[in-house]
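Have the structure open as you read. We start with a helix, then turn to the aromatic rings.

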Amino acid sequence: MPNLLILGGTTEANALAQATADLGMPAIYSYAGRVDKPRPQPLPVRVGGFGGVDGLVAYIHDNEITHIVDATHPFATQMSRNAIEASAVAQTKLAALTRPPWAAQAGDDWRHVPDIAAAVAALSGDPRRIFLAVGRMHLKDFAAQPQHHYLLRLVDAPGALPLPNCEIVVDRGPFAEADDRALMQRHGTKLVVSKNAGGTGASAKLDAARSLGVPVLMIDRPVLPQRTELTSVAQVLDWLDHS
Ligand SMILES: NC(=O)c1ccc[n+]([C@@H]2O[C@H](COP(=O)([O-])OP(=O)(O)OC[C@H]3O[C@@H](n4cnc5c(N)ncnc54)[C@H](OP(=O)(O)O)[C@@H]3O)[C@@H](O)[C@H]2O)c1
C-alpha cells in the first residue's frame, strides 16, 4: 500500500485528497501555511515548510513516504524543484498533478510576458485601473509601478500593502464569470494581470475580460526540470497502483 504525501494548496490537490480518502489509502496533505484558515481536508494535514531539500528528505524518511504527488500551483516553483531533488535523494516516487495552461480563444486580447519582472516592466506608463490577480506574495514587485489604481483579490485581509492606490476584495475561488464581470465593471478595470495558472477555479476573470473587451497581461508559466506529469486524479490513482 503506498504511503502518499500530497503537496497541496490547489483545487487539484483537494480532489486527490478526497479520492485517496475515499479509497482509504494512507496519505498526508501538506500546506505551506500561507493562508489563515486552510481548507479542511479528509486526510491528516501538516502545515509549514519542510526546511528545503534536506528537510523534505528527512520528512520522507521519518514518515516512510513511498510516493509524492506534487499538486502545488504551477507557480510554486521552489516547492516543485525541492520535491524533484528530494525524491531523487530519498529514492521516492514523484509525480506532478498539473493542469494545462489557459490558452487564448477568439475574442481574447492577451499579451504574454515570461515572468513577474516582465509584467512589472510592461506596466510602465500612464495610470490605469488594473485588476492585479497575482496573489499576495508578488504585490511588492508591483510597488515599482505605484501610479496605477489596482484591484486586488486576496484570500485573507492583508496588513499594510506596498501599493498606494488599491481596492481589496477578500474572497476565495472558485469564481463565477458574472460576478467577475460585475466586479470589473464596478472597478472600471482597463487591464487584467494574471499568472497562467490554468484550471477552472480562477478562469472567470479571463471570461469576464473577454466579454468586456478588456486586455489581459498573461504571465507565462515557469519551466521546471523533467518529471512525471499527470493531468487527472484518475491518472494519479493509476500511477499509484502501478508504480
Ligand atoms: N504561487 C502561487 O501563485 C500560488 C497560488 C495558489 C496557491 N498556491 C499554493 O500556495 C503554497 C505556496 O506557494 P508558493 O508559490 O509560495 O510556493 P514556493 O515559492 O514554491 O515555495 C516556497 C517554500 O514554501 C514551502 N512550501 C510551498 N508549498 C508547500 C506545501 N504545499 N507544503 C509545505 N511547504 C510548502 C517550501 O518551504 P521549505 O523549503 O521550507 O520546504 C517552499 O520551499 C503552495 O501550496 C501552492 O500550491 C500558490
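On α7, the face turned away from the buried side carries the exposed residues Ala234, Asp241 and His242. This is a predicted model.

Now turn to the other face. Which residues of helix α7 are buried? In this helix, which spans residues 233-242, they are Val233, Val236, Trp239 and Leu240. An α-helix has 3.6 residues a turn, so residues three or four places apart point the same way.

Next, the rings. The structure holds two aromatic pairs. In one, the ring centres of Tyr29 and Tyr31 lie 4.7 Å apart. Their planes meet at 55 degrees, so this pair counts as tilted. Tyr29 and Tyr31 are both buried.

The other pair joins Phe50 and Tyr59, with ring centres 5.2 Å apart. Here the planes stand at 65 degrees; the cut-off for edge-to-face is over 60, so the pair is edge-to-face. Phe50 and Tyr59 are buried too.

The charged end of Arg46 sits over the ring of Phe50, 3.9 Å from the ring centre. Look also at Arg153. Its charged end sits over the ring of Phe175, 3.5 Å from the centre of that ring.

Notes:
Residues numbered from 1 in each chain as written. Predicted model: local features only at pLDDT ≥ 70, side-chain atom pairs only at ≥ 80, totals over all residues. Heavy atoms only, no water. Phe/Tyr/Trp six-rings, centres within 6.5 Å; stacked < 30°, edge-to-face > 60°. Buried < 20%, exposed > 50% of the residue type's maximum accessible area, 1.4 Å probe, protein only. Lys NZ or Arg CZ within 6 Å of the ring centre and 35° of its normal. Helix = DSSP H or I, 4+ residues; strand = E, 2+ residues; numbered from the N terminus.
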